[in-house]
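I opened this notebook to record what I looked up in one structure. The entries go from the whole chain to single residues.

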Amino acid sequence: TWRRYVTFAAYQSLISEGVLVIQQHVRLWLSRRSVMRQRRGAIVIQKWHRRSINDNAHKERQTSAVVIQGAVRGHRARTCYVRFLAGVIAIQAAVRASQARRQYRAKQEAILLIQEAWRSELTTRKISKQLQA
């Protein structure tokens, strides 16, 4: 029985060493798995953070582009309006000048008619005086 006890003790020692080795490997595997999960999680977080930064930068560029486009379109519209206004003013000036010339000619004709009538009246008076004398 002593032999059996020694054999059993050796067997127990061997088993407990094996169990310890298995436990060590399982703990190592679990630890590595945990570290790998943490790394993958960190990579996912970094990826989403970088994507968020890129999205924000893209939104800023897009907003800047919209602002620049608005400024360019506004400038173009104002320039077009100024040209249009200059054309309208030129047309108005030409029409007003034409009207002024027409009115001037009408007044000149009226003045000439009045002068002609007055001279005729004077001539008539002169002739009447001469005839009476």
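The entries below follow the order in which I consulted the model.

**Entry 1. Kind of model and secondary structure.** I noted at the outset that this is a predicted model. I then asked how many helices and strands the chain has. I found 1 helix and 0 strands. The helix, α1, covers residues 2-132.

**Entry 2. Overall dimensions.** I looked up the extent of the C-alpha trace along its principal axes and recorded about 190 × 10 × 10 Å. I next consulted the radius of gyration, which is 56 Å for the chain, whereas a compact globule of 133 residues would have a value near 14 Å.

**Entry 3. Distances along the chain.** I checked two pairs of residues. Thr-1 and Thr-123 are 122 residues apart along the chain, and their C-alpha atoms are separated by 178 Å. For Lys-59 and Leu-113, 54 residues apart along the chain, the C-alpha separation is 79 Å.

**Entry 4. Surface and burial.** What share of the residues counts as buried? I recorded 1% of the 133 residues of the chain. The accessible surface of the chain comes to about 12800 Å². Carbon and sulfur atoms account for 61% of that surface.

**Entry 5. Two exposed residues.** I returned to Thr-1, which is placed in the segment before α1. Thr-1 counts as exposed because its relative accessibility is 84%, and the cut-off for exposed is over 50%. I then turned to Lys-59, which lies in helix α1. Lys-59 has 53% relative accessibility and therefore also counts as exposed under that cut-off.

**Entry 6. A nonpolar patch.** I asked which residues form a nonpolar patch on the surface. The members are Tyr-81, Val-82, Phe-84, Leu-85 and Ile-89. Together they have about 510 Å² of accessible area. Is Ile-89 buried or partly exposed? Ile-89 is partly exposed, because its relative accessible area of 47% falls between the limits of 20% and 50%.

**Entry 7. Charges.** I looked up the charged residues and recorded 26 positive and 6 negative charges in the chain. The mean positions of the positive and the negative charges are 17 Å apart.

**Entry 8. Salt bridge.** The side chains of Arg-125 and Glu-121 meet in a salt bridge, with an N to O distance of 3.1 Å. Where do Arg-125 and Glu-121 lie? Both are in helix α1, and they are 4 residues apart, about one turn of the helix. I also checked their accessibility. Arg-125 is partly exposed, with a relative accessible area of 45%. Glu-121, at 34% relative accessibility, likewise counts as partly exposed.

How values were computed. Residues numbered from 1 in each chain as written. Predicted model: local features only at pLDDT ≥ 70, side-chain atom pairs only at ≥ 80, totals over all residues. Heavy atoms only, no water. Buried < 20%, exposed > 50% of the residue type's maximum accessible area, 1.4 Å probe, protein only. Patch = residues over 30% accessible without salt bridge, like charges linked within 9 Å, V, L, I, M, F, W, Y side chains within 5 Å. Areas by Shrake-Rupley, 256 points an atom, 1.4 Å probe, with all protein chains shown as cover. Salt bridge = Lys/Arg side-chain N within 4 Å of Asp/Glu carboxyl O. Rg over C-alpha atoms; globule rule 2.2 N^0.38 Å. Lys, Arg positive; Asp, Glu negative; His and termini not counted. Charge placed at Lys NZ, Arg CZ, Asp CG, Glu CD.
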